[in-house]
Amino acid sequence: MNILNHKKDINKKKIKWCIGCGNYSIIMQLGKVLEKLKIKKNKIILVSGIGCSSRLPYYINTFGIHGIHGRAFSIATGIKLSNKKLNVWVITGDGDCFSIGLNHLLHTIRKNININILIFNNEVYSLTKGQKSVTNFNKNKFFNTISLILSAGSNFVARCLDFNINHLKKILIKANKHIGTSCIEIYQNCPIFNKNYFKKKIINNNNYIILKNNKPLIWGKKGIILIKNKPKIVYLTKKNISNLWIHNENNIYKAYILSRFKIINKQLPIPLGIFFKKKIKKKIKKINKKKKNIKLFKILSNKKYEIL
Ligand code: SF4
Ligand SMILES: [Mg+2]
């Protein structure tokens, strides 16, 4: 079977999303990335749950399953365990994975199955007419998505915007390269029930920071320094520029602080990019190469093995 061609293999006529939905951008970037990665179409499996975003597997010419609510993770786990050569992507929304499917999400991350999880977060339940979801920042009590994913033990955690297409593509490529469960939260515009919410909240207020590995945390004329593990906003001067927090995507402790920015101080920006990426030990790779046919019970009962 051929390599995916995003122009031919994304069936735009079939798409039933509303005009202006952020899902259009995400499907296009995913298609371009799959094409760039040159993975054969019959090796790509897109597995989804229920929700607007979960219709994605219908619209792209690969194998796919439109599963049951919150259970895409279990289906994807079964697929990957039965054939580790397959390139498996879970497509899920904030309702699908942070409500009904939360336990499945957490346990999939814990097992570190080598799949990519794309979380389309529009902070509303769009398929059921726009109730605020558990991730909605304006609720008194909301799930801090990135903290939750980090706590479950994800080794690749990132956040993107649907309309920042080059950034989104780069992160998708890195996520796919990572061995283990990669989680990418994508802020997705729902023009029907949450119009331009992220544009207003993040872009118009210059309220975001793009995380770049080994680079200081700077946005606009401001930067961030860490004093006793507390982030502090400073205006950039020649004096303080050398004291700025340098992003290290391999540092789990700093990733937790980044994930809590808005809780620590509302004036802090929303981080976008890779929060955390664990360095994979070569030793684990070698073990897996040698032991090609490890039985499932052995994998799950022995911490020495990671499922690849
Ligand atoms: S309701 Fe919102 S999320 Fe669903 S297809 Fe329409 S714009 Fe997209
Ligand atoms: Mg939603």
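In the predicted model, strand S3 (residues 87-93) and strand S4 (residues 116-121) run parallel and are joined by 5 bridges. Within this pair, tryptophan 89 stands opposite asparagine 116 of S4. Strands (E, at least two residues) and helices (H or I, at least four) are DSSP runs numbered from the N terminus, and two strands pair if DSSP finds at least two bridges between them. Residues are numbered from 1 along each chain as its sequence is written, while chains are lettered from A and ligands numbered from 1 in the order in which they are written. Because the model is predicted, local features need pLDDT of at least 70 and side-chain atom pairs count only at pLDDT 80 or more, whereas totals for chains, interfaces and linings use all residues.

S3 and S4 belong to an open sheet of 8 strands with mixed pairing, in the order S2-S1-S3-S4-S8-S7-S13-S9. Strand S2 (63-66) and strand S9 (208-210) each have a single partner strand, so one side of each is left without a neighbour in the sheet. From one strand to the next, the twist averages 20°. Helix H7 (residues 165-177) lies across S4, strand S7 (156-161), strand S8 (182-187) and strand S13 (270-277), and runs at about 160° to S7. Axes here are lines fitted to C-alpha atoms, for helices over the stretch in contact, with angles from 0 to 180 degrees between N-to-C directions; contact requires C-beta atoms, placed from the backbone, within 7 Å.

A further open sheet comprises 3 strands, S10-S11-S12, with antiparallel pairing. Its edges are strand S10 (218-219) and strand S12 (230-235), each of which pairs on one side only. Strand S11 (residues 222-227) runs antiparallel to S12 and is joined to S12 by 6 bridges; isoleucine 224 stands opposite isoleucine 233 in S12.

Overall, the protein contains 12 helices and 13 strands. Its C-alpha trace spans about 55 × 50 × 35 Å along the principal axes. Of its 308 residues, 39% count as buried, that is, with 20 or more other C-beta atoms within 10 Å of their own.

Note on methods: Contact = placed C-beta atoms within 7 Å. Buried ≥ 20, exposed ≤ 12 C-beta atoms within 10 Å, placed from the backbone.
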